[in-house]
Amino acid sequence: MDQMGRPLHDLRISVTDRCNMRCDYCMPADVFDSNHQFMNRNELLTFEEIDSVVESLIPLGIKKIRLTGGEPLLRRSIENLIQMLSKHPIEIAMTTNGLLFGGRGEILRKAGLDRVTFSLDSLDPEVFEKITRTSGERLQSILDAIDEAIECGLGQVRINSVIRRGVNEQDIDRLIERFGHLPVSLRFIEFMDVGNHNRWRHHDVVPSSEIRSHLRKRFNLIPIESIHRGEVARRWSVEGGNGFEVGFISSVTQPFCGDCTRARISAEGKLFTCLFATNGTDLKAILRSQNNEIQIKDTISEIWSLRDDRYSELRSKTPKPGTISLPKIEMSYIGG
Ligand code: SAM
Ligand code: SF4
Ligand code: SF4
């Protein structure tokens, strides 16, 4: 348990800081341009090193890992990593933009992937292109990838959408129309002040309550009880929705730090206990000097026991709701 009585249940592992999209709220193209220094290959944790970290965390009670990035499917032979990790008694999930998923669903599932989350903010090719700096023509391949994931039985497929004021509010209805008859979980995420470059303004956040009120005009939403501690989304099923559910991740308007059971490892092997943490602990140095699983376990255990992070709660208590001005880590680095 940490200082606030929170257990360590989930680990997010960023497997690369690179991405094949340039979402303006995450990796703005003018910042992450051809001059940007991404990590070298030898700086990244190897699959064996990632596996060692996971192995050492099993006795600490870890239940779930999520592979993320950057774009995790850019990491070559990621299915080999999934296969290595699948021997542990944990759920393995991945968050992806879906561009490289097509044709790989079955391979990933057979390797041991339990669940997949796709990030998709717009169904309008022009808006999609504007947000991601990726041709709107690629949108169809993401929609096909989502269908493929549903067909090959990758758990309940999730779709994450960050809705921003004046950018993609129209997509709330479009997304419901496109996915509302499928057994997926569509989750609306409030735009967060992660990193230093996404030009976050409180004004651009569309509160979950606003989206919910909008949806209630059309649907009968039935609340779903959370299954376990640390579940960040509040979920509702939709009457007549055939397994469809809608979730809200309201880290700005309804922070859930009190239930936050997550640690994060950056692609270069630094451990962070909060998405907004400024300093990480260099696990790679320990792995490469001694490769000692007991030492990794003890180090993480000690760091976790001292943890008192609750950035989002503190942000919500600032007199004028806004960002807290601390240097922050980029989402693509720490792993969203
Ligand atoms: N590239 C993969 C993807 O997009 O799914 C995985 C990494 S991405 C950083 C993980 C998630 O973080 C995505 O769902 C993305 O929408 C979300 N994200 C990135 N920046 C965000 C921000 N400022 N506020 C809220 N969510 C954000
Ligand atoms: Fe890439 Fe994902 Fe960030 Fe978009 S949200 S730039 S797809 S890492
Ligand atoms: Fe967890 Fe930090 Fe987010 Fe709070 S702000 S929910 S402690 S990651």
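**Aromatic pairs**

Modeller: Start with Y333, which is buried at 18% relative accessibility (buried is under 20% relative accessible area, exposed over 50%, partly exposed in between; 1.4 Å probe, protein chains only). The model is predicted, so local features need pLDDT of at least 70 and side-chain atom pairs pLDDT 80 or more, while totals for chains, interfaces and linings use all residues. Residues count from 1 along each chain as written, chains are lettered from A and ligands numbered from 1 in written order, and side-chain values use heavy atoms, without hydrogens or water.

The model has 6 aromatic pairs (Phe, Tyr or six-membered Trp ring centres within 6.5 Å; planes under 30 degrees apart are stacked, over 60 edge-to-face, the rest tilted). One of them joins Y25 and F191. That pair is edge-to-face, with 6.4 Å between the centres and 75° between the planes. Y25 is buried at 15% relative accessibility. F191 is buried too, and its relative accessible area is 2%.

Now return to Y333, whose ring pairs with that of F272. Their centres are 6.1 Å apart and their planes meet at 80°, so this pair is edge-to-face. F272 belongs to strand β11 (residues 270-272) and Y333 to helix α11 (residues 331-334), so the pair links parts 61 residues apart in sequence. F272 is buried, at 2% relative accessible area.

What do ring pairs link into a cluster? The members are F188, W236 and F248.

The charged end of R164 is over F191, 5.5 Å from the ring centre. Thus F191 has Y25 as its ring partner and R164 over its ring. R212 lies over the face of F248, and here the distance to the ring centre is 4.9 Å. F248 is also part of the cluster with F188 and W236.

R199 is not a glycine, yet its phi is positive, about 55°. R199 is exposed, at 54% relative accessibility, whereas F191 is buried.

Key: Helices (H or I, at least four residues) and strands (E, at least two) are DSSP runs, numbered from the N terminus. A charge sits over a ring if NZ of Lys or CZ of Arg is within 6 Å of the ring centre and within 35 degrees of the ring normal.
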